Amino acid sequence: MSARARAARVRALLLSLVTFFVVAGTATGCAGGDERPRVVVTTNILGDITREIVGDEADVSVLMKPNADPHSFGLSAVQAAELERADLVVYNGLGLEENVLRHVEAARASGVATFAAGEAADPLTFHAGEEGGPDDEAGEPDPHFWTDPDRVRKVAALMSDQVVEHVDGVNEKAVRDNAERYDGRLADLTTWMEKSFAAIPEDRRALVTNHHVFGYLADRFGFRVIGAVVPSGTTLASPSSSDLRSLTQAMEKAEVRTVFADSSQPTRLAEVLRQEMGGDVDVVPLYSESLTEKGKGAGTYLEMMRANTSAMAEGLTGD
């Protein structure tokens, strides 16, 4: 055999070996990817909390993008299919993800384990006839439980149980340790919020918001909800002229001049309210229903709550 023929044979053998290892490696990678447990979460606030609990034990996929509205965001066909391939689906429930809940129900019907965080949080209900209550939602559960960090502590503890029970292959000790560590950070958040709100005089502990989103915070930290520009627990509702007139009268009576508006929502209605009251109204943006991208002010649940607390304390004291 000539030297040229031998070289060609060696090159062919090497090429075959390279091809074998590439194919084998790809197959192994695909198999590993298929075996990697997955938790799918609807909202980005719950997504951040879930990642703290799960850690590196499973992949966590969050459907809702930063700065989105949980009441109105929808899913692509790919995302809807992703729900049915999950080991566990974590969702808020209580009517929050209005365009997504049917997909969660479909996943549950196909045998996927689901965890309704809002239902586990000892939910409050909207009350009609009381100051600030949305009449058309009387008796309906309020889905915005995360504005009370103590309820988030309860949800996080129950979530860790769900992960251990339903997500195969996770290290139970690692998940429990993650949950315990995060619980301590949530407890620190509650203490810090109490101290921050303590500086607000009793006669200024009155909230007006874009829509009814801070009922849990008000209940936990001693605030009064005067009303909302959109008199509903969802951003999909619209106020009438009589709604705005009633709100301006309530604000005049309570001597309130600050409206807290969600940063992910247009402030047009809050601006209309400002005009109704002669311009003597401050519109303060908060991160109430969605996280931002990392580094944009509210990249995590803890960052969001600290930013909101500081903005509320400043807005209500005038400092």
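**Figure 1. The residue that follows helix α2 in this predicted model is G55.**
Directly after helix α2 comes G55, and the phi angle of this residue is positive, near 60 degrees. The helix itself spans residues 44–54, and because 9 of its 11 residues are buried, α2 is largely enclosed by the rest of the structure. The buried residues of the helix are N44, I45, L46, G47, D48, I49, T50, I53 and V54. Among the elements that cover these buried residues are the strands β1 (38–41), β2 (59–62) and β3 (88–91), together with the helices α5 (149–166), α6 and α10 (301–317).

**Figure 2. Helices α5 and α6 pack against each other with their axes crossing at roughly 175 degrees.**
Two packed helices are described by the angle between their axes and the distance between the axes. For α5 and α6, the axes come within 9 Å and cross at roughly 175 degrees, and the two helices are therefore roughly antiparallel to each other. On the α5 side, the residues that take part in the contact are P149, D150, V152, R153, A156, S160, D161, V163 and V164. They meet a set of residues in α6 that includes E172, V175, R176, A179, Y182 and D183, and also L186, A187, L189, T190 and M193. Sorted by class, the contact of α5 with α6 is made up of 12 nonpolar, 2 polar and 6 charged residues.

**Figure 3. F197, F221 and F223 form one aromatic cluster.**
Since F197 lies in helix α6 (residues 172–197) and F221 in helix α7 (residues 215–221), the pair ties together parts that are 24 residues apart in sequence. With a relative accessibility of 1%, F197 counts as buried, and F221, at 9%, counts as buried too. In the pair of F197 and F223, the ring centres are 5.0 Å apart and the planes stand at 80 degrees, so this pair is edge-to-face as well. Here F197 belongs to helix α6 and F223 to the loop between α7 and β6 (224–230), so the pair ties together parts that are 26 residues apart in sequence. Both F197 and F223 are buried.

**Figure 4. In two places, the charged end of an arginine sits over an aromatic ring.**
The charged end of R220 sits over the ring of F221, at 4.8 Å from the centre of that ring. F221 is also a member of the aromatic cluster with F197 and F223. In the other view, the charged end of R306 sits over the ring of W192, at a distance of 4.7 Å from the ring centre.

**Figure 5. N67 and L94 have a positive phi, although neither residue is a glycine.**
N67 is found in the loop between β2 and α3 (77–84), and its phi is positive, at about 65 degrees. With a relative accessibility of 40%, N67 counts as partly exposed. L94 has its place in the loop between β3 and α4 (101–109), and its phi is near 60 degrees. At 18% relative accessibility, which lies under the cut-off of 20%, L94 counts as buried.

**Figure 6. G297 touches residues that include A307.**
G297 is found in the loop between β8 (282–286) and α10, and with a relative accessible area of 35% this glycine is partly exposed. Leaving aside residues up to four places away in sequence, G297 touches Y287, T292, E303 and A307. G297 and A307 are 10 residues apart along the chain, and their C-alpha atoms are separated by 7.3 Å.

**Figure 7. The protein chain as a whole has 10 helices and 8 strands.**
Of the 319 residues in the protein chain, 47% are buried. When contacts between residues at least 6 apart in sequence are considered, 64% of them join residues that are at least 24 apart.

Conventions:
Residues numbered from 1 in each chain as written. Predicted model: local features only at pLDDT ≥ 70, side-chain atom pairs only at ≥ 80, totals over all residues. Heavy atoms only, no water. Helix = DSSP H or I, 4+ residues; strand = E, 2+ residues; numbered from the N terminus. Buried < 20%, exposed > 50% of the residue type's maximum accessible area, 1.4 Å probe, protein only. Phe/Tyr/Trp six-rings, centres within 6.5 Å; stacked < 30°, edge-to-face > 60°. Lys NZ or Arg CZ within 6 Å of the ring centre and 35° of its normal. Contact = heavy atoms within 4.5 Å. Axes fitted to C-alpha atoms, helices over the stretch in contact; angles between N-to-C directions. Parallel < 35°, antiparallel > 145°, perpendicular 65-115°, else oblique. Nonpolar A, V, L, I, M, F, W, Y, C, P; charged D, E, K, R; others polar.
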